[in-house]
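Look first at the sequence and the 3D structure below.

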Amino acid sequence: MFFDRKAGWDNNNMLLDDSGRTVAYGEFYTFAEKIGTKMKKRSLMFLLCENSSGSVLTYLSALQNNIVPLLLDSNIDESKLYTLMELYRPEYLACPEKWEEKMGEQCGNLNIIWRSNGYICFAFLHNQAGTEEEIYEDLALLLTTSGSTGSPKLVRLSRKNIESNAASISVYLNLDSKEKPVTTLPMYYTYGLSIINSHILVGACILLTDKTLFEKEFWDFIRKNKATSFGGVPYTYQMLKRLNFFEIELPFLKTMTQAGGKLPETLHQEFAAYAKQNNKNFVVMYGQTEATARMGYLPSEYALKKCGSMGIAIPGGRFYLIDENGEKITEANVVGNLVYEGANVSLGYARSREDLKKGDERRGVLVTGDLAKRDEEGFYYIAGRKKRFLKMYGIRVSMDEIEQLLKMSFQKVDFACTGKDDCMVVSVAGMKAEEMMGLPAWLEEKTGLNSRGFVINPVSEIPRNKSGKILYNQLCD
């Protein structure tokens, strides 16, 4: 099983951070046993995450001790954190030590129960006197939806969900204990967490850093420790290209993975060609928090041949398409609603503490909310999200497709599309004013849609969360 102690692993490095500190697998089990004596099983813990050894050890130890963690950004707005506390009434809060003073000021009913590895764990006294509330027996982990750490809507995941997804990923990426992935994504984000889970499963060493691609220290760290892989969302790869990544010598790097949204096809093609020329793997993937992390992947050998595809189902899972009446679509190249089945499909959502009593509401089936088509060879292509559509003078239009068209055509410019029927707002960052003036006419020429339906919104930058996803709600409609 995922967290069982493996013979011969105790002295192997599990974690190595950018300060040079290492943690062996044996040290993790010692730590987990220690805190297991201080915390109640089947309780709820809020964990404010960093890409640090203290954060990862606390997360893994909670799972080891049958404690349910909710993973949140350590930089979460305090008011949002307190709102979540009121809704979910956790027994514990584990956070970086920098939070100690502010938590003491805001919450007087706290008791410190342990400190370790730069983290501190508080117990909420009102939940420590035999008043614990029931939590569904298979619930193991809570994650926020789409990285929106202030939202009360959480995804409920079981141990089976976590273990099955980690196992599938380790199979299709051929992971082993020699791997050294570097954390380019936050661990509270489902994609970043899946990198940690799948590599811990095989006994690998995780290289932990909160440094960004723009910092020299990040590149010094991965060179010194010979990182074998990294993962990124589309924005990551856009930034890598701007940083002249193709000119950087990284002979130890074996694998690059991409998820978190559709990569513009031109960029997909460039990174796939680079990988092929340099004997590396470039693997495009598809997933959602509601399926623990990943549902599909494009094998690296198809990265060029099937450019633009999100691939095939992961080992143990399956895709199919249904029409608006719920009937399965069997023909190739017909757009339908994408459905996934697999052991990694989450239990359902929660919006308050009472929802943690709920059982498995999905039964292994997830209607993804994405529209897709399947080619003759069984490879899937995302056509857009159902809720990211609007009507333009009676014509149904995908805002995602317009966004992709713009990004492919103007590669040094950033775009985001929002709007309502008959009015698509195109937010633009990094384009000269005279060029922006011509965008509506250009869009009409390319799409056949009336230029009067497009409103151009110049912005200094497209707002994104830490995992690179566009924050559409911060843009005008």
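Helices (H or I, at least four residues) and strands (E, at least two) are DSSP runs, numbered from the N terminus. This is a predicted model, in which local features need pLDDT of at least 70, side-chain atom pairs count only at pLDDT 80 or more, and totals for chains, interfaces and linings use all residues. Residues are numbered from 1 along each chain as its sequence is written, and side-chain values use heavy atoms, with hydrogens and water left out.

Rolling a probe the size of a water molecule over the atoms shows where empty space is left. Here the search uses a 1 Å grid over the protein atoms alone: a cavity is a set of points where a 1.4 Å probe fits but cannot get out, a pocket is an open set with protein on both sides within 12 Å along at least five of seven lines, and lining residues have an atom within 4 Å of a point. Grid points are joined across faces, edges and corners, and a volume is the space filled by probe spheres set on the points.

By this rule there are four cavities of 30 Å³ or more. The second largest cavity holds about 80 Å³ of space. It is lined by 13 residues, and N165, S194, N197, T292 and A293 are the closest to its centre. β8 (139-144), α5 (159-172) and α6 each supply at least two residues of this lining. The lining divides into eight nonpolar, five polar and no charged residues (Ala, Val, Leu, Ile, Met, Phe, Trp, Tyr, Cys and Pro count as nonpolar, Asp, Glu, Lys and Arg as charged, and the others, Gly among them, as polar).

The largest cavity has about 100 Å³ of space. Among its 13 lining residues, L173, H199, S229, T255 and T257 are the closest to the centre. At least two lining residues come from each of α6 (190-201), β11 (229-232) and β12 (255-258). By class, the lining of the largest cavity has five nonpolar, six polar and two charged residues.

The second largest pocket contains about 570 Å³ of space. Of the 29 residues that line this pocket, T184, P186, T212, K466 and S467 lie nearest its centre. Helix α8 (residues 234-242) gives the largest share of the lining, three residues.

Next come the sheets. Two strands pair if DSSP finds at least two bridges between them. Four strands form an open sheet in the order β16-β17-β19-β20, with antiparallel pairing. β16 (318-322) and β20 (380-385) are the edge strands. β16 and β17 (residues 336-341) pair over five bridges, and R318 has E341 in β17 as its bridge partner.

Another open sheet has three strands in the order β23-β24-β25, with mixed pairing. Its edge strands are β23 (414-420) and β25 (454-458). β23 and β24 (residues 423-429) are antiparallel and share seven bridges; G419 has M424 in β24 as its bridge partner.

Which helices pack at an angle of about 110°? They are α10 (residues 399-409) and α12 (residues 439-447), with their axes 12 Å apart (axes are lines fitted to C-alpha atoms, for helices over the stretch in contact, and angles run from 0 to 180 degrees between N-to-C directions). α10 and α12 are therefore roughly perpendicular to each other (65 to 115 degrees; angles under 35 count as roughly parallel, over 145 as roughly antiparallel and the rest as oblique). In α10, I402, L405, L406 and S409 meet L439, W442, L443, K446 and T447 in α12, where contact means heavy atoms within 4.5 Å.
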